[in-house]
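Hi everyone, thanks for coming.

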Amino acid sequence: MPYVDGFIVAVPKKKLDAYVRLSKKCGKVWREYGALDYREWVADDVKVGKLTSFPRSVKLKPGETVVFAWITYKSRAQRDKINAKVMADPRLKEMVNGPPPFDGKRMIYGGFESLVKA
């Protein structure tokens, strides 16, 4: 059964190009190790809600935008194996030398099992 890691992160608009470059490299590494899909999407129609919303979830600051992303795997077991390889890959350390183009402390992420496919 497919498995997905999902992410939401706040990215400064002035660093969006650097974020895209980093994400393309990361996507290549994840796919190389067996991830089925690696997608990232930038906010287009995302309003601040009264109680909850994507902007509130990452404590969005002026000059930032929300990025919503996911990585798809064959299964949770495959995800765990792939992520172990990715985290041990020296290219990942090379890619994140210096401060990343986003605040990782405000990233929301987690793994999800398939529930509905319509």
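A quick word on what you're looking at. This is a predicted model, where local features need pLDDT of at least 70 and side-chain atom pairs count only at pLDDT 80 or more, while totals for chains, interfaces and linings use all residues. Residues are numbered from 1 along each chain as its sequence is written, and side-chain values use heavy atoms, leaving out hydrogens and water.

Now the layout. We have four helices and four strands, and from the N terminus they go β-α-β-α-β-α-α-β. Helices (H or I, at least four residues) and strands (E, at least two) are DSSP runs, numbered from the N terminus.

What about burial? Buried residues are 35% of the 118 in the protein chain. Buried means under 20% relative accessible area, exposed means over 50%, and partly exposed is in between (1.4 Å probe, protein chains only).

Next, the inside. The largest nonpolar core has 18 residues, and Cys26, Trp30 and Tyr73 touch the most other members. Strand S1 (3-12), helix H1 (16-32), strand S3 (64-73), helix H3 (76-88) and helix H4 (90-95) each supply at least two residues of this core, and H1 gives the most, with five. By nonpolar core I mean a set of buried Ala, Val, Leu, Ile, Met, Phe, Trp, Tyr and Cys residues joined through side-chain atoms within 4.5 Å.

Let's zoom in on Trp30. Not counting residues up to four places away in sequence, Trp30 touches a list of residues including Tyr38, Ile71, Tyr73, Val86 and Leu92; contact means heavy atoms within 4.5 Å.

Over in strand S3 we find Thr72. Is Thr72 buried or exposed? Thr72 is buried, at a relative accessible area of 15%. Setting aside neighbours within four places in sequence, Thr72 is in contact with Tyr3, Val4, Ala35, Leu36 and Asp37.

Last stop: Ala18, in helix H1. Ala18 is partly exposed, with a relative accessible area of 29%. Ala18 and Pro101 sit 83 residues apart in sequence, yet their C-alpha atoms are 6.3 Å apart in space.
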